[in-house]
Amino acid sequence: MLTNEQFDRTRRPALRLAGIELVEHHRELPGRRRRRLGLCDAAELDALLGAAEAGTSDATGQMLCLLTTKFTGFFRHPRHFEVASGHALRAARRHGQARLCSAATATGEEPCSLAMALIEGFGRNDPPASVVATDIDAAALAVAKRGEYGAAAGA
Ligand SMILES: C[S@@+](CC[C@H](N)C(=O)[O-])C[C@H]1O[C@@H](n2cnc3c(N)ncnc32)[C@H](O)[C@@H]1O
């Protein structure tokens with residue numbers, strides 16, 4: 001559990017870096033997630049907060065990782081993928097091609113699912129459609145770019 005001071009120092013970069021407003025019931029989250037970053041104790045978290053306040057880019061990246069949830073999976077909300085593929089089909093009929101956007105994509109399972117839904121929806125392996133994926137967290141995007149998933153990703 002974060003001290004009041006640590007929590008206040010975490011709230012400011014959350015809002016500034018990602019537009020995330022941490023409220024009282026989020027108090028435990030950064031403490032739990034710090035293990036993701038291999039931060040063992042409060043002193044290491046203090047050091048990270050200090051570096052983020054100083055604007056160190058590594059620390060900023062680590063703060064983003066600490067503050068954001070990475071929960072994702074293949075076809076997480078199955079109906080959404082059918083709907084997106086249907087939109088893409090109609091757009092491609094009208095404009096010749098379509099583009100889908102996976103905003104806040106995390107580690108890339110969502111755009112991969114969209115690509116599979118497009119292949120299925122268009123009934124061909126080279127649909128006239130593309131998927132753009134973005135995220136604020138460069139580390140998550142690096143995983144997405146690799147595009148390698150194990151059985152745990154639920155493919
Ligand atoms: C729960 S994941 C969602 C993954 C995927 N879209 C899905 O639904 O399965 C949330 C993602 O939002 C990203 N995120 C949070 N704030 C963001 C912001 N201000 N701009 C862009 N991405 C942001 C996080 O880095 C994280 O990867």
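Guide: The space that the ligand takes is the largest pocket, a pocket being, on a 1 Å grid over the protein atoms alone, an open set of points with protein on both sides within 12 Å along at least five of seven lines; a molecule sits in a pocket if more than half of its atoms lie within 2 Å of its grid points. This is a predicted model, in which local features need pLDDT of at least 70 and side-chain atom pairs count only at pLDDT 80 or more, while totals for chains, interfaces and linings use all residues. Residues are numbered from 1 along each chain as its sequence is written, and side-chain values use heavy atoms, with hydrogens and water left out.

Around the ligand there are 14 residues, the closest being Lys70, Thr72, Arg76, Ala104 and Asp135, where a residue counts if one of its heavy atoms lies within 4 Å. By class, this shell has five nonpolar, four polar and five charged residues.

Of the 610 Å² of accessible area that the ligand has on its own, the protein covers 76%, as computed by the Shrake-Rupley method with a 1.4 Å probe.

Key:
1 Å grid on protein atoms, 1.4 Å probe; cavity = no way out; pocket = protein on both sides within 12 Å on 5 of 7 lines; lining within 4 Å. Nonpolar A, V, L, I, M, F, W, Y, C, P; charged D, E, K, R; others polar.
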